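Colleague: Hi! Could you walk me through this one?

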Amino acid sequence: MAGLPEILALDEIGPDLFRSGPIPSEWARTFGGQIAAQSLMSAARTLDRSYAAHSLHGYFLRPGRPHEPTDHLVERLRDGGSFCTRRVTAVRAGETIFTVTASFHRGDEGFSHQVDMPVVPAPDDIPESDRINGWGMPRPAEWRHWEMRWAPGGETGHVPGSPARQRVWIRYGHPLPDDGAVHACALTYLSDMALLGSARLPHPPTAVQGASLDHSLWFLRPFRADEWLLYDQVSPSAEHGRALTRGRLFDTGGRLVAAVAQEGLMRFDRPRPMEGGDGEASLSPPAPAVPDLR
């Protein structure tokens with residue numbers, strides 16, 4: 001499977017227009033974190049590197065196809081002295097599959113505070129796992145370049161009234177360049193990994209269809225994605241076939257470096273058409289985070 005440098009290697013095919021080529025995958029639909037990361041990289045390439053991404057808000061509209069190219073059209077909504085804003089539309093075969101608005105900031109002086117990091121074992125004290133905690137499924141080959149260590153005792157979905165929770169240490173398993181945009185894109189990719197699975201924890205094993213519907217991410221402090229980050233994932237609610245999930249990412253020094261919010265499709269599995277529309281992917285095995293809502 002492709003590594004992150006290959007995923008983020010976009011061709012500029014026109015003014016503010018970038019193309020990601022086919023990326024080998026075991027899934028029929030492109031992983032949502034991949035599309036979001038490529039869109040963010042497209043936006044970053046239209047900016048001076050003195051601006052760093054501080055937030056993005058995106059919607060997954062249609063499935064991407066790994067064996068087909070995707071075009072990322074960047075709109076320059078604002079170029080200010082402190083903030084710049086870009087809107088990126090990802091298009092496959094003439095149809096919009098993802099749209100995101102990303103904001104970039106030069107940084108200013110101001111107050112500083114944060115919550116404490118949860119107390120969990122260090123990543124070196126946790127064995128590597130080939131499973132996705134909360135999903136109970138083998139880790140996809142898609143993620144073989146990432147190291148993941150699931151913190152024991154993080155699941156609280158069995159406690160009535162408490163949010164479903166899982167915690168995982170995660171890092172990219174190969175050195176990345178000293179480029180803040182690359183690390184922001186890497187974190188965008190990993191922020192979609194296993195997040196929707198936290199909503200499965202309070203419930204018995206049941207076949208469901210699932211996919212990311214929207215995704216928001218805030219970059220709070222400098223970090224490196226090739227160093228360990230603790231991803232604290234919770235799901236406070238699921239209803240009407242949708243699940244709300246949230247996440248916080250801390251570095252090994254306890255600094256809160258990013259926050260995530262996502263609503264995902266999570267409805268009971270139902271027969272899909274034999275011909276025509278694709279239908280959503282079943283979460284058994286884990287589905288890529290891109291829906292087909294036809």
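Predicted model: local features only at pLDDT ≥ 70, side-chain atom pairs only at ≥ 80, totals over all residues.

Colleague: Good. What volume does the largest pocket have?

Modeller: The largest pocket comes to about 860 Å³. Its lining is made of 32 residues, and those nearest its centre are His 54, Phe 219, Leu 220, Arg 221 and Pro 222.

Colleague: Which elements give two or more residues to that lining?

Modeller: Those are α2 (32–44), β3 (52–60), β6 (95–105), α3 (180–190) and β11 (208–219). Of the contributors to the largest pocket, α3 gives the most, with four residues.

Colleague: And how do the lining residues of the largest pocket divide?

Modeller: The lining of the largest pocket has 16 nonpolar, nine polar and seven charged residues.

Colleague: How about the second largest pocket, how much space is there?

Modeller: About 250 Å³ lies in the second largest pocket. It is lined by 14 residues, with His 203, Val 208, Ala 238, Met 266 and Phe 268 closest to its centre. Two or more lining residues come from each of β12 (229–239) and β14 (256–268), and β14 has the largest share, three residues.

Colleague: Changing topic: where is Arg 149 found?

Modeller: Arg 149 is in strand β9, residues 146–150.

Colleague: Which side chain joins Arg 149 in a polar contact?

Modeller: That of Glu 128, at 2.8 Å. Beyond its neighbours within four places in sequence, Arg 149 is also in contact with other residues, including Arg 167, Trp 169 and Trp 228.

Colleague: Now the rings. How many aromatic pairs does a search of the whole structure find?

Modeller: Eight aromatic pairs. One of them is Trp 27 with Trp 143, edge-to-face at 6.1 Å centre to centre and 85 degrees between the planes. The two are 116 residues apart, with Trp 27 in the loop between β2 (17–20) and α2 and Trp 143 in the loop between β8 (137–138) and β9.

Colleague: Are those two buried or exposed?

Modeller: Trp 27 is buried, at 11% relative accessible area, and Trp 143 is buried too, at 4%. Another edge-to-face pair is Trp 146 with Tyr 172, at 5.0 Å and 75 degrees. That pair links strand β9 with strand β10 (residues 164–172), and both residues are buried.

Colleague: Which residues form the aromatic cluster?

Modeller: Trp 27, Phe 31, Trp 143, Trp 146, Tyr 172 and Tyr 189 form one cluster.

Note on methods
Residues numbered from 1 in each chain as written. Heavy atoms only, no water. 1 Å grid on protein atoms, 1.4 Å probe; cavity = no way out; pocket = protein on both sides within 12 Å on 5 of 7 lines; lining within 4 Å. Points joined across faces, edges and corners; volume = space filled by probe spheres on them. Nonpolar A, V, L, I, M, F, W, Y, C, P; charged D, E, K, R; others polar. Polar contact = N/O pair within 3.5 Å; in protein donor to acceptor, adjacent residues only side chain to side chain. Contact = heavy atoms within 4.5 Å. Phe/Tyr/Trp six-rings, centres within 6.5 Å; stacked < 30°, edge-to-face > 60°. Buried < 20%, exposed > 50% of the residue type's maximum accessible area, 1.4 Å probe, protein only.
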